[in-house]
Amino acid sequence: MARKISIFDTTLRDGEQSPGASMNTEEKLVVARQLVRLGVDVIEAGFPVSSPGDFEAVRRVAELVGDNAVVCALSRAVDADIEAAADALKYAKRPRIHTGLGVSPIHLQEKLHMSEEDCLQQVEHCVSYARKFTDDVQFYAEDAGRADYDFLVQVAEAAIKAGATVINIPDTTGYSLPDEFARRISYLRQHVKGIENVTLSVHCHNDLGMATALSLAGVEAGATQVECTINGIGERAGNTAMEEVVMAIAMHGKELDAYTDINTKEFMRSSRLITSVTGLGVQPNKAIVGANAFAHSSGIHQDGVIKARETYEIIDPASVGVGQTQIVLTARSGRAALRRRFEDLGYTLSDKELNALYKAFLQMADKKKEVYDEDLESLINERDRNISAIYTLEGVQISCGFPLTPTATVKLKKTDGMVSTACEFGTGPVDAMYKAVNKIVQVENDLTEFTVQSITRGIDALGEVTIRVAAPDGSIYVGRGSDGDIIVSSAKAYLNALNRLLNDKPELLN
Ligand code: KIV
Ligand code: ZN
């Protein structure tokens with residue numbers, strides 16, 4: 001019988017460690033909801049001891065997920081970390097503590113200053129301590145990819161003896177070659193006493209561009225859990241991309257004697273959500289979810305796919321959620337058509353939610369000929385993002401062009417209901433708009449980055465603006481906004497960043 005491969009998602013923990021990918025609690029909850037739709041087996045929700053924000057996010061994700069998945073929290077092999085993880089998971093229906101430490105010579109000597117004997121004692125202690133809080137304890141042997149084979153056997157045995165239910169073998173630095181990593185996993189399966197009673201997991205990084213290959217090699221050698229992230233985001237070059245490893249298992253299930261329970265039709269939507277929440281775009285030629293993954297440009301290929309799609313496509317795009325839009329939404333569409341399309345996309349809306357989104361939809365449809373699925377998802381993301389807005393945009397008007405001096409008039413509403421208007425000149429329309437916003441909000445900040453990206457198709461595409469601002473103490477806040485008009489996108493993005501800054505530092509609010 002084929003082996004079920006558990007999908008352990010670490011987008012909210014290792015993925016969030018990508019430079020620039022940090023998410024607030026509300027965004028993490030939106031992602032967790034999507035992970036449930038995907039049907040992942042385990043959600044690693046964060047590293048609770050690292051900050052009060054991370055602790056709170058793990059607690060709220062655990063409440064939201066209920067028994068739909070195991071919710072896991074990371075800790076180092078330190079009592080205070082394990083206690084924080086246990087505390088954050090207090091209301092989880094299926095809690096798992098993930099604890100461990102470095103086991104390679106370089107980690108032991110240079111980072112931990114520990115002998116192998118001390119390390120084995122620490123393994124025994126952290127696992128048995130975590131077991132006091134939950135029956136499900138996953139042990140990670142950090143940098144296992146560069147560890148001595150026989151020491152790794154001793155480490156895994158000590159963890160199992162102390163009560164670990166899952167043994168995680170990470171190639172933390174993405175150093176291994178697939179063949180060698182498979183040999184390592186086979187060696188553990190042959191030599192570790194009790195390994196048949198636990199789940200063997202692989203956690204691979206992409207430093208040599210081989211994270212997916214390494215994970216598959218691990219599965220072929222007997223691992224039954226794969227740790228991964230959506231779009232492969234993560235430390236440095238990232239982690240194994242969930243969509244890649246799952247589709248490879250789906251395609252080669254027979255040879256691998258394996259299957260997963262992932263709802264692959266959710267991949268495209270999940271990918272767009274992560275791009276929207278983190279601002280980390282996907283390269284167009286990225287497997288499965290890249291914009292060109294199902295695009296054919298050469299005449300020979302086009303001729304082939306028109307005759308039979310399979311000539312040049314190994315995956316049916318519909319199976320990963322890149323289906324054709326069936327209902328064409330325009331400004332003449334009614335609520336019923338909109339509800340239907342949102343339902344097709346997996347969003348069940350109450351009448352109140354539908355009414356609010358319908359208004360936003362009509363505003364967008366007035367400006368665009370056609371509203372695509374990506375547009376609808378950006379409406380949902382926009383709604384989810386605006387949850388704790390202190391200032392909201394009531395209006396922005398620009399006058400610019402040659403030889404005019406760019407001038408912006410901005411109208412903002414504060415949570416207390418006060419509406420303020422300001423007008424400013426600038427070197428360009430965006431500069432003028434930012435100056436007008438600053439005149440009202442009056443929070444000292446430094447704009448360090450500004451990028452515009454088209455997130456939908458066509459000449460009337462939605463433009464998403466991502467900006468970064470630095471507070472007086474140097475802390476960085478990211479803001480995003482999308483609209484058919486990039487000045488409006490820029491204003492929304494700037495306010496989004498300032499709202500985040502003010503939520504974090506309410507003492508700066510005037
Ligand atoms: O890469 C790694 O080793 C990790 C561990 C904390 C599991 O992320
Ligand atoms: Zn990692």
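## Salt bridge between D207 and R236

In this predicted model, D207 and R236 form a salt bridge in which the closest N and O atoms lie 2.6 Å apart. The pair links distant parts of the chain, since D207 sits in the loop between strand 8 and helix 8 (211–220) while R236 sits in the loop between strand 9 (225–228) and helix 9 (242–251), 29 residues apart. D207 counts as partly exposed, with a relative accessibility of 30%, and R236 likewise counts as partly exposed, at 46%.

## Other salt bridges

Across the whole structure, a search finds 31 salt bridges. One of them joins D261 to K4, with the closest N and O atoms 2.9 Å apart; this pair connects the loop between strand 10 (258–259) and helix 11 (267–278), where D261 is found, to strand 1 (residues 3–4), which holds K4, across 257 residues. D261 is partly exposed at 45% relative accessibility, and K4 is partly exposed at 27%.

Another salt bridge is made by the side chains of K439 and E424, at 3.7 Å from N to O, and it links helix 16 (residues 429–441), which carries K439, with strand 13 (residues 419–425), which carries E424, the two residues being 15 apart. K439 has a relative accessibility of 45% and counts as partly exposed, as does E424 with a relative accessible area of 24%. Elsewhere, E266, R269, R272 and E377 are joined into one network by salt bridges that share partners.

## The zinc site

The zinc ion (ligand 2) is coordinated by D14 through OD and by H203 and H205 through NE2, at 2.0 to 2.1 Å.

E116 is placed in helix 5, and at 37% relative accessibility E116 counts as partly exposed.

Notes: Residues numbered from 1 in each chain as written. Chains lettered and ligands numbered in written order. Predicted model: local features only at pLDDT ≥ 70, side-chain atom pairs only at ≥ 80, totals over all residues. Heavy atoms only, no water. Donors = N, O, S within 2.8 Å, 3.2 Å for Na, K, Ca; no water. Helix = DSSP H or I, 4+ residues; strand = E, 2+ residues; numbered from the N terminus. Buried < 20%, exposed > 50% of the residue type's maximum accessible area, 1.4 Å probe, protein only. Salt bridge = Lys/Arg side-chain N within 4 Å of Asp/Glu carboxyl O.
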